[in-house]
Amino acid sequence: MSLIPRRPPPPAGSAPPPSRRGMLLGAGALALGSALGATGCSPGSGDAQVRFWSLFQGGDGARVETMLEAVHEQAPHLRVTSSTLAWGPPYYTKLAVASVGGRAPETAILHMSRLPGYAPGGLLQPFDLDLLAEFGVTAEDFVPDLWDRCIHDGATYAIPMDTHPVVLFYDTGTADRAGLLDGDGRLTGMDSPEGFVEASRALAEAGGGGGVSFGHVNDDSQGWRLFWMLYNQTGASLELPEGGPAGLDREAALRVFEFLAEVFDGQTSEPNQAYPTALAAFASGRSGMLISGEWELPYLMDHVEDLGAAPFPTVFEQPGSYADSHAFVLPRQGDPDPERVRAAHEFVALMVRNSLTWGEAGHIPAYSPVAQSPEYQALTPQSDYAVAGETPVLDPEVWFAGAGSQFHTDVSQALRIALTGNGPEAAVEELGLTLDSWAARTDPGGA
Amino acid sequence: MSALTGSPARPDTGAEHPPDPPGALTRGRRRFADSPLVFLLPFLLVYGVFLLWPLVSGLWMSFTDIALNGAGGAFVGLENYAEALGDPLVWRTLGNTVLFTLITTVPLVVVALAMSVLVHTGLPGQWLWRLSFFLPFLLPVATVVLVWNFLYVEDFGLFNSVLGLFGMEGLGWLTDEGVAMWSVALTTVWWTVGFNFLLYLAALQSVPAHLYEAAALDGAGAWARLRYVTLPQLRGTTVVVLLLQMLASLKVFDQIYLLTGGGPGDSTRSLLLYIYDVGFTGYRFGYGAAVSYLFLVLVLGVAAFQLWISARRRG
């Protein structure tokens, strides 16, 4: 529209100036042309386009940018368009809708825990392992437990980039004064319910504030993460047969909630912290320890001078750290272009091979050649908790579970009931009902 | 502008060219070009595509078990509606929605009225009051929530710090089940009261001055003038504000989604939030649509009440 006033007056005797409509049409055609060019639809450009969706914000997002730059240097022929969407339920809604519409990005990040809900519904396309091998990535490069979760009906639907467990962060000064460090400066004495409770009280005394911080109120997943980790540490199993009812070991669940109620007693450790509150309390020194995913590492390294990190201690019978894995997937395309599929494979292989940068952000690289490299081993405190990746407690392998799912929101309520509501027994009751109700549902997205 | 310069030129064009042959096509085209439909078409198109069509297809969806990812889609009759009526969470979230509507509508009317009367009766620096009362309304919801989240933080937020000054124990503004809904309401009132304030102020300014003069001559003091002149004159505005507010509060979503996500527990989950949860996060489009239509009936009821009231007033 602004083209018209700016048009210079036509010289006398020249052809009549183009009409207003002609100008608009011309401008429209120009805009359309440039838009086509920008999206790489111009034929014969020789460049392969890879659209990549992720949900990484903050420090993670910055790391992804660095990795994308490295990929660009190593494979300049890949034209990568990266889009970052907000974490959580909206991300998975958008990814599902894009796949349904057949206009999904060539590749995207998916939490491994969401795969059982995605792969059977036809929302994803399997990877071509020969093609991946061509770009230097094979099944043998990954922890077998993790790799098994990528497979559905014999086809590989995901390539894991990391394992991201829940760990313990602590202030080494406070922990030392509380007498919790051994000769090597490692946490000690927290390997039993009693030991953990005592440690939290000692921390509160030594730090003058709270003992252990954990944010879960109004959070979609935190309550479940902590419960599920400890429940697995008791060795109990959880059956979720189709049609229900759920097989919850109520005794084990009660042990877990009673233990947690004792830790977060409202005297030495707050029972009702929201996620940001807990993070801020630890970062500002008002509590000595934080139970959190290792993804908070970049933030904490900037804010806590004497930061220590350790795998979550084996409070009950067997080791286990709640973990999920960010994995690459190929969302279903309406009209798959072999060239783009190939480009997507190359992109995924390169990202996985460049995941040392990802390790710097706190995540444990899933690609063994990186995880076992001296460069990664030299990272601290990452290497202090890297062992947590060996005993991952993953979500139950059912269609409704997983990060950012409605199931997580629902089952996370139980912890709040145990800590600030009607107590551990009511929490077990509520959890049992919720699990039954979920097991009874049919998968709305199932084929 | 082009319309202004274009229209006088029309008779000229007619004079220069011989009149059009009486062809049906040309006549038809001209009749179409002259009809108001040309001007209505853009609106009708948008209205049809973005309102009427979704309304109809949503209604159809509510009778199927279609999922967000396109699976399902079989006709299930009234099954979704039956399930919705027996779903305890529907009733609970509906209860939350009604509670929210009650505890926001009342203060949003009363506070707005009080503020506008105060400003109108001559507080010095009128423009400053008008500006500060209305300004929050212009803020996007994300900004509002960001600021209020800080105020509500338990251990270093402003509110708990102030309570601490008076030796009182801090509240779990967003983390205590009994308090969270009130916090959401407080934020909402602060955020949106400016709009009602503006409506009231406009109404106050249109109260004829001679009514006050006559009242003053009859010896009415300031209080009597407020009681017997101002408030009765504002009755019409109050009805409009009340009903607009009820409709706005019933469809609350944004601030709750951003402040508490519906928690703690389900204490602040509104019905719309629940519809979003089952439909978008839980993929159950058909069921979500059914709950939406049940809610629509309720909202239509309120709207019909509004129509009835305004018709009665006119009558």
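How much accessible surface does chain B have, and what share of that surface belongs to carbon and sulfur atoms? It comes to about 18,400 Å², and 72% belongs to carbon and sulfur atoms; areas here come from the Shrake-Rupley method with a 1.4 Å probe, and for residues only the protein chains shown count as cover.

Before going on, some ground rules: this is a predicted model, where local features need pLDDT of at least 70 and side-chain atom pairs count only at pLDDT 80 or more, while totals for chains, interfaces and linings use all residues. Residues are numbered from 1 along each chain as its sequence is written, chains are lettered from A and ligands numbered from 1 in the order in which they are written, and side-chain values use heavy atoms, with hydrogens and water left out.

Let's stay with chain B for a moment. Its secondary structure comes to 15 helices and 0 strands; helices (H or I, at least four residues) and strands (E, at least two) are DSSP runs, numbered from the N terminus. Of the 315 residues in chain B, 37% are buried, where buried means under 20% relative accessible area, exposed over 50%, and partly exposed in between (1.4 Å probe, protein chains only).

Now for the rings. Over all chains, the structure holds 43 aromatic pairs. Rings of Phe, Tyr and Trp (its six-membered ring) pair if their centres lie within 6.5 Å; planes under 30 degrees apart count as stacked, over 60 as edge-to-face and the rest as tilted. Take Phe407(A) and Trp438(A): they pair edge-to-face, 6.0 Å centre to centre with 90° between the planes. This pair links distant parts of the chain, with Phe407(A) in helix H19 (residues 406-411) and Trp438(A) in helix H21 (residues 424-440) of chain A, 31 residues apart. Both residues are buried. Over in chain B, the ring centres of Phe43(B) and Tyr47(B) are 5.4 Å apart and the planes are at 25°, so that pair is stacked. Phe43(B) and Tyr47(B) sit 4 residues apart in helix H3 (residues 37-61) of chain B, about one turn of the helix.

Back at Trp438(A), there's a charge to look for: the charged end of Arg441(A) sits over the ring, 3.9 Å from its centre. That label applies if NZ of Lys or CZ of Arg is within 6 Å of the ring centre and within 35 degrees of the ring normal.

Next, look at the nonpolar cores, which are sets of buried Ala, Val, Leu, Ile, Met, Phe, Trp, Tyr and Cys residues joined through side-chain atoms within 4.5 Å. The largest has 60 residues, and Ile159(A) and Phe328(A) are among those that touch the most other members. Helix H14 (residues 338-353) of chain A gives the most to this core, with 8 residues. A second, separate core has 58 residues, including Ala175(A) and Val398(A).

Finally, a few backbone spots. A cis peptide bond joins Gly244(A) and Pro245(A), with omega about -5°, and Pro245(A) lies in the loop between strand E11 (238-239) and strand E12 (247-248) of chain A. Another cis peptide bond joins Thr380(A) and Pro381(A), with omega about 0°. In chain B, Tyr283(B) has a positive phi near 70° though it is a residue other than glycine. You'll find Tyr283(B) in the loop between helix H14 (271-281) and helix H15 (285-314) of chain B, and at 8% relative accessibility Tyr283(B) counts as buried.
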